[in-house]
Amino acid sequence: MTEEQNGSRLERINKIISDVPQNTRSMLHKVRHATRRDVSDWLFKGLFALMILVAIAPFFMLIAEIASIGLADLLGTGPGQGIELFTTYPGVGLMGGVLNAIVGTGTLVAIAAAVGIPLSIFGAVYINEYSRPGRMREIVEFAADVLAGIPSIVFGAFGFTFLVFYLNIGMGMVAGGLTLAFMMIPTVMRTTQEALKQVPLSLREASLALGATKWKTTWSITIRAAFPGIITGVLLAIGRVMGETAPLIFTAGNNLGAPTSLVGPGSWVASMPFTIWAYISDPRPYLQMRAHSTALALLLIVLAVDIVANYASRKITRRIV
């Protein structure tokens, strides 16, 4: 190859490079002048990006699988489809909607929240603000950590033995709600404790130095400063119990309508997770489709609760902090 040909080829290469966008040229320059340190950084960056993709992929796969079957039922116009899914009770052959499950889930979560949230928050406040560090605090924290890891089926067996039989409450919304409350306690208690620990000690000392009592400091300063973290723990706990099935098999029973009493057979209540499990186990195709649409509705309800609670949390936090 002559010098003239080499010069012509070099000009063509320079022209091609000059036509490339500035960002691409910068990237090519980095690649050409990359050191061993740069290569190792790129490899680890790519590895971490791959890990996060693998971590979040199941969420989108789950949404796609449920929506691919349930969306047609959710947007349909047949019996129990569309808006009727949320506004009608199951009819003959379970052809209607799942209003019984929606009412039941709301009732169970309300009972669980009314009992579990105050117990958890005030328990965490006592442990963190009033008890001295020592063996007793360690035992309580260890017990809460162990409770958080216990499978839900064990909570169901405990609720069935202790609430249904020993206390003779019987199956129904009270036994089911209290069992879910037991499940909420470790999550809310530990997240509340961690939120309280993040409040600077100087805030408490300043309040006490100004003459406030211990209780006034705890209520007006510490809890308010930790409020966003407490709300996060409450949302996590509500999201968990809203999707639980196993404890309710033993404690809540099932009902094709709304509960009519607090105790007794009239208090038996359906729930959305239990309905999904029952319908998906049925060989009838339209019930399996109904199970997917109910699962999609449950996801939308959990998402709506999360959005509304976060919005309310930000509003309340701006007002009180």
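Biologist: Which element gives the largest share of the lining of the second largest pocket?
Modeller: That is α11, with seven residues. This is a predicted model, in which local features need pLDDT of at least 70 and side-chain atom pairs count only at pLDDT 80 or more, while totals for chains, interfaces and linings use all residues. Residues are numbered from 1 along each chain as its sequence is written, and side-chain values use heavy atoms, without hydrogens and water.

Biologist: Which elements each supply at least two residues there, in the lining of the second largest pocket?
Modeller: α11 (227-242) and α14 do; helices are DSSP runs of H or I with at least four residues, numbered from the N terminus.

Biologist: And which residues line the second largest pocket?
Modeller: T232, L235, L236, I238, G239, R240, M242, V302, V305 and D306. A pocket is an open set of points on a 1 Å grid over the protein atoms alone, where a 1.4 Å probe fits, with protein on both sides within 12 Å along at least five of seven lines; lining residues have an atom within 4 Å of a point.

Biologist: How do the residues of that lining, in the second largest pocket, divide?
Modeller: Six are nonpolar, two polar and two charged. Asp, Glu, Lys and Arg count as charged, Ala, Val, Leu, Ile, Met, Phe, Trp, Tyr, Cys and Pro as nonpolar, and the others, including Gly, as polar.

Biologist: Changing topic, what space lies in the largest pocket?
Modeller: About 260 Å³; the second largest pocket has about 160 Å³. Volume is the space filled by probe spheres set on the points, which are joined across faces, edges and corners.

Biologist: Which element gives the most to the lining of the largest pocket?
Modeller: α14, with seven residues. The lining comprises eleven nonpolar residues, no polar and no charged.
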